2 protein chains.
Amino acid sequence: MLTKKELKEYCIDARENYLAHISIDCVVFGFHEGTMKVLVLQMKDEGEWYLPGGFVLKNEPIEMAANRILKERTGLDEIFLQQFHVFGHPDRSKEHFDMYKDMLPEKENWFTNRFLTIGYYALVDFCDVNPAPDQFSTSCAWCDLNNVPPLKLDHTLILKTALDTLRVHLNYQPIGYNLMPGEFTMPELQKLYETILDKKLDRRNFQRRMLGFGILKRSEQLRKGGAHKAPYLYSFDLENYRAALIEGFKGSW
Amino acid sequence: MLTKKELKEYCIDARENYLAHISIDCVVFGFHEGTMKVLVLQMKDEGEWYLPGGFVLKNEPIEMAANRILKERTGLDEIFLQQFHVFGHPDRSKEHFDMYKDMLPEKENWFTNRFLTIGYYALVDFCDVNPAPDQFSTSCAWCDLNNVPPLKLDHTLILKTALDTLRVHLNYQPIGYNLMPGEFTMPELQKLYETILDKKLDRRNFQRRMLGFGILKRSEQLRKGGAHKAPYLYSFDLENYRAALIEGFKGSW
DNA sequence: TACAATTGTGTCTAATCTACACTATAGATT
DNA sequence: AATCTATAGTGTAGATTAGACACAATTGTA
């Protein structure tokens with residue numbers, strides 16, 4: 001937790017620079033070694049976990065705010081970001097309220113305000129990320145999606161909603177592009193889909209369908225080193241990929 | 001436009017009761033005589049058109065705010081409402097800013113603030129609505145979707161985004177339930193789908209598919225009075241309808 | 001009474017989805 | 001080096017679904 005002095009400084013700064021009552025929270029998805037990962041921060045002292053977030057500068061577009069916040073946490077710029085929901089129940093930040101209310105009078109206290117938070121999800125290449133904690137956290141780290149600890153405030157709900165949205169969007173966007181490294185094998189891509197959808201897919205039908213979209217380029221190279229037959233390496237064909245995005249992907253899984 | 005005095009009173013009241021920087025705008029869809037309708041308001045004096053909207057009370061959940069706002073405009077309570085996007089560009093309310101900036105000093109002036117607006121779309125039974133103007137408008141009326149006048153601020157974008165969202169949601173929810181009256185014929189329902197999707201559908205295949213969902217009940221009665229063969233009347237089977245909602249509707253149009 | 005327009009139902013074909021079989025190959029085992 | 005094992009690449013038969021269209025039934029009207 002911040003000292004009283006730190007808190008006071010923070011509040012003065014926040015009040016001056018940020019829009020009141022509005023925050024942004026981000027669910028950053030990465031994919032590594034066959035499992036989905038989410039970026040979480042751990043609170044100083046209490047050790048509680050929460051999602052990366054922040055506020056909107058008074059004259060800043062909200063997408064830019066989300067981008068700025070994530071750049072600070074991941075080192076990455078121009079991340080694939082998708083707004084998905086606003087969480088606006090008056091009690092959603094009650095925990096925060098109780099925690100900070102005795103430290104500063106309410107008039108000056110930024111954290112006892114009510115906040116609506118705009119949820120964004122981000123898809124990133126796991127390997128590109130350099131997790132960095134913020135002012136309130138001791139650590140920022142990837143966490144296995146199947147094994148997320150209880151999160152502060154309504155962040156568990158935010159995460160769940162992001163995941164539900166991602167599943168739906170999977171029907172309309174080839175989401176793999178943002179989550180996979182430049183080169184990958186078909187089984188790796190399939191694993192990603194299986195993780196997001198939380199169900200097994202048929203290897204052969206998956207391959208056919210994926211290739212049917214016409215957005216993958218097969219390299220002549222194979223991924224050697226595995227214990228068995230070496231799979232081909234693929235990459236996204238950016239030109240066709242963009243065209244397909246505009247067309248829209250039809251059909252559900 | 002409001003007089004200076006009215007504006008001042010409004011601003012004092014707003015400042016006291018509403019969350020700063022946040023507004024709600026609603027796209028209310030209705031369906032009547034084979035065409036989609038949208039509820040719009042006409043500004044006093046200038047005659048410009050805009051979408052029904054309002055602000056969030058300091059201790060009010062945002063869904064409740066949207067509901068309250070729509071109750072004032074339509075007379076209806078517990079409307080089917082769906083949050084779909086936040087519009088947050090800093091310049092989005094520049095028109096408002098320019099219009100009101102000379103009437104009151106910026107410190108007191110509610111309307112020169114930056115507002116993020118949360119977009120909701122609503123689906124209602126056209127016949128149930130009693131359009132009522134708000135404080136800033138001379139009239140509140142249904143407007144043909146194919147023939148919407150230019151709207152104030154970014155409301156044209158908001159409407160377009162709502163419509164795009166509605167099209168996607170059509171794959172996941174039997175949206176007809178909220179837009180159709182209690183009893184309707186299959187051709188009427190088809191017309192609704194055709195209007196939303198903006199394309200012709202095959203009469204026979206539509207019927208088969210619709211009935212395949214198992215959410216319609218056929219009445220023994222026919223709709224007489226038309227110049228030709230009388231079609232059956234249908235209504236939604238609420239029990240199956242709810243079950244289907246949970247299951248999720250698969251497949252795209 | 002015949003006609004025009006529309007609705008209810010059926011059916012054929014092509015496309016797609018699903019499940020599974022077979023072959024190929026890299027590394028491990030012997 | 002020969003064989004084994006697990007996984008990858010490709011193909012195919014059957015079921016399901018989507019799309020196009022034909023035909024009979026029924027309503028009010030000429």
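1. The largest share of the surface near DNA strand C comes from helix 7 of chain B, which gives four residues. Here a residue is near a molecule or strand if one of its heavy atoms lies within 4 Å of it, and helices (H or I, at least four residues) and strands (E, at least two) are DSSP runs numbered from the N terminus. The model is predicted: local features need pLDDT of at least 70, side-chain atom pairs count only at pLDDT 80 or more, and totals for chains, interfaces and linings use all residues. Residues are numbered from 1 along each chain as its sequence is written, chains are lettered from A and ligands numbered from 1 in the order in which they are written, and side-chain values use heavy atoms, with hydrogens and water left out.

2. DNA strand C is surrounded by 20 residues, of which A:R204, A:G226, B:R203, B:R204 and B:H228 are the closest. By class, five are nonpolar, six polar and nine charged; Ala, Val, Leu, Ile, Met, Phe, Trp, Tyr, Cys and Pro count as nonpolar, Asp, Glu, Lys and Arg as charged, and the others, Gly among them, as polar. Sugar or phosphate accounts for 49% of the atoms of DNA strand C within 4 Å of the protein, and bases for the rest.

3. A base oxygen lies 3.3 Å from a side-chain N or O atom of B:R208. A polar backbone atom of B:Y232 is 2.9 Å from a phosphate oxygen, and one of A:H228 is 3.1 Å from a sugar or linking oxygen.

4. Of the atoms of DNA strand D within 4 Å of the protein, 47% are in sugar or phosphate and the rest in bases.

5. Two side chains of chain B approach base nitrogens of DNA strand D: an N or O atom of B:R204 at 2.7 Å and one of B:N205 at 3.1 Å. From chain A, a side-chain N or O atom of A:Q207 is 3.5 Å from a phosphate oxygen. Helix 7 (203-212) of chain A and helix 7 (203-212) of chain B each give two or more residues to the surface near DNA strand D. The largest share, four residues, is from helix 7 of chain A.

6. Contact between the chains (heavy atoms within 4.5 Å) takes 27 residues from chain B and 27 from chain A. The buried area is about 2,100 Å², 61% of it on carbon and sulfur atoms; this is the accessible area (1.4 Å probe) that two parts lose on being put together, summed over both. In chain B, B:V86, B:R114 and B:Y172 lose the most area to chain A, together 22% of what that side buries. Since 100% of the interface residues of chain B are also interface residues in chain A, the copies meet through the same surface.

7. Chain A is assigned domain 1 (4-169) and domain 2 (176-247), with bounds from an automatic or database domain assignment. Eleven residues from each domain of chain A take part in the contact. Their buried area is about 1,000 Å², 67% of it from carbon and sulfur atoms.

Conventions. A polar contact is a pair of N or O atoms within 3.5 Å; within protein, one must be able to donate a hydrogen and the other to accept it, and residues adjacent in sequence count only if both atoms are side-chain atoms.
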